Amino acid sequence: MRGDDRRSGSLFSYVDLEQRVPSDHPLRVIRTVVDDALQELSPTFSEIYSKRGRPSIPPERLLRALLLQILHGLRSERQMMERLEFDLLFRWFVGLGIDDPVWHSTVYAKNRDRLFESDVAERLLNAVLDHPKVKPLLSGEHFSVDGSLIDAWASMKSFHPREGQGGGSGDDDDQSSGGSNRDQGRNPSRNFRGERRSNQTHASTTDPDARLFRKGPGKEARLAYMGHVLMENCNGLVVSTRTTRAHGSAERMAALEMVADLPTRAGQTLAADKGFDTGDFVMELREMGITPHVAQNSYVTDKARRRSAIDRRTTRHPGYTVSQRVRKRIEEVFGWAKSAGGLHQVHHRGLNRVGAQVTLAATTYNLIRLPKLIGGAA
């Protein structure tokens, strides 16, 4: 029998949001861990927020909304508020009732920036890792490290000479074959031909913390930051992040900072790719009591011969081969973060805000892994 397509005119609903979410939904495991972590951060929130004035968005709800926005790849605050308006699953996860009003997108962004100015994102990551169900999943001995370029929210047209630097060809004349700026509207074209630009003489007027950098020979130079991740090798969870200005030694410097914060244990190893195969980096790790499981970068050409800083005393052990195989899982972190987590090009400006976005993306990556890992551990 064909069903009736007439709309029901019921005014009230007596089904609670808790009953509408299936008991085996993955977000239930994620929310349990997030709620426990936010409970640990309650003293931090009390320090950040004033005891006077009008109540703002509860920081617990704000952080749940930020995690949910990254999890579903929503590009803007306006999209997030629109989804929160009609999606019952979103309301349940954030903690809003069916009749609770949704925040304005500008209010949501203003309160988010307040959290980004502090170290709440890093503390949230640590609180998730310290959760009783998550901590047993982590390895305390074997780690991998890597870094990746993250495009800044700034155009190459904003890369102008610093104050007091010489203009050079094309610095003061923003014209091209298509005509003058006056005839090309709000986004005129610019001719960079013959202009020498570098981070020493130029800076972005849109995001001064962004740096002009290219990943390798033959690659284009672009305004970017560099995000760094430290991963434990047991289940591939992120245990630490750093965000730096892009430069040649940023990956090695950030790696040393992250491993220095680890609790010291005997037999610790750190796996990395060929870019970390330098004498200084390997020496620093060995002085810290960490075995460098770094990929060897040795070659012989007609003009030069390069010898790797990693020798047989490291490569002859089976653990070196295992670390080299497992370390490639760190690419999954950057792959997910750039394809779904919003890090292909950051939506914030300034080193602190970009760093908070990178840390929240890493936290979200850990959270989406937990439903299967916790279920497997149980």
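With which residue does Arg91 form a salt bridge, and how far apart are the closest N and O atoms? The partner is Glu85, and the closest N and O atoms are 3.9 Å apart. A salt bridge here is a side-chain nitrogen of Lys or Arg within 4 Å of a carboxyl oxygen of Asp or Glu. Arg91 is buried, at 3% relative accessible area. Glu85 is partly exposed, at 48%. Buried denotes under 20% relative accessible area, exposed over 50%, and partly exposed in between (1.4 Å probe, protein chains only).

The model is predicted; local features need pLDDT of at least 70, side-chain atom pairs count only at pLDDT 80 or more, and totals for chains, interfaces and linings use all residues. Residues are numbered from 1 along each chain as its sequence is written, and side-chain values use heavy atoms, with hydrogens and water left out.

The structure contains 17 salt bridges. One of them joins Arg64 and Asp35, at 2.9 Å from N to O. This pair links distant parts of the chain, 29 residues apart: Arg64 lies in helix α4 (residues 59-71) and Asp35 in helix α2 (residues 26-40). Helices are DSSP runs (H or I, at least four residues), numbered from the N terminus. Arg64 is buried at 11% relative accessibility, whereas Asp35 is partly exposed at 24%.

Asp311 and Arg313 also pair, at 3.2 Å from N to O. Asp311 is partly exposed, with 33% relative accessible area.

Helix α8 spans residues 120-129 and is mostly covered. Seven of its 10 residues are buried, among them Val120, Leu124 and Val128.

Conventions:
Helices (H or I, at least four residues) and strands (E, at least two) are DSSP runs, numbered from the N terminus.
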